[in-house]
Amino acid sequence: MRKDTHIPYVYQKRDFYYFSRRVPKDLLGHYKRPSITLSLRTKSARVARAKSSSLAAQLRVNPKNVAGSSWCHAGAEQARI
């Protein structure tokens, strides 16, 4: 039996975990969609929790600096997680 535990900003689809965050209102003009969704490329809840915590921390560092923001580089950074 699978024990489902809530992981912030994460949902599961076809056994894989995905990270999803809403784009801040002041940065919406720089994005085509109102949210960023990335595959965490794992089926493990433990790994998904660690990766999502890392991504969320990166996005909190400096969300208003568009040029150097993690919001702009979230996809590229995800590959290194």
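I began with tyrosine 11, which counts as partly exposed because its relative accessibility is 34%. My scale calls a residue buried under 20% relative accessible area, exposed over 50% and partly exposed in between, with a 1.4 Å probe and protein chains only.

A note on the source: this is a predicted model, where local features need pLDDT of at least 70, side-chain atom pairs count only at pLDDT 80 or more, and totals for chains, interfaces and linings use all residues. Residues are numbered from 1 along each chain as its sequence is written, and side-chain values use heavy atoms, with hydrogens and water left out.

**Rings**

I searched the whole structure for aromatic pairs and got two. In one of them, tyrosine 11 and tyrosine 18 are stacked, with 5.4 Å from centre to centre and 15 degrees between the planes. The rule takes rings of Phe, Tyr and Trp (its six-membered ring) with centres within 6.5 Å; planes under 30 degrees apart are stacked, over 60 edge-to-face, and the rest tilted.

Next I looked for charges over rings (NZ of Lys or CZ of Arg within 6 Å of the ring centre and within 35 degrees of the ring normal). Lysine 13 lies over the face of tyrosine 18, 5.5 Å from the ring centre. Arginine 21 lies over the face of tyrosine 9, at 4.2 Å from the ring centre.

**Tyrosine 18 itself**

Is tyrosine 18 buried or exposed? Tyrosine 18 counts as buried, because its relative accessibility is 18%. I placed it in strand β2, residues 16–22. Strands (E, at least two residues) and helices (H or I, at least four) are DSSP runs, numbered from the N terminus.

I listed contacts (heavy atoms within 4.5 Å). Arginine 41 is 23 residues along the chain from tyrosine 18, yet their C-alpha atoms are 7.7 Å apart.

**Strand β3**

β2 and β3 run antiparallel, joined by five bridges; strands pair if DSSP finds at least two bridges between them. Serine 20 has threonine 37 as its bridge partner in β3. Side chains alternate along β3 (residues 35–39).

**Phenylalanine 19**

Last, I checked phenylalanine 19. Beyond four places in sequence, its contacts include Ile36, Leu38, Leu55 and Leu59.
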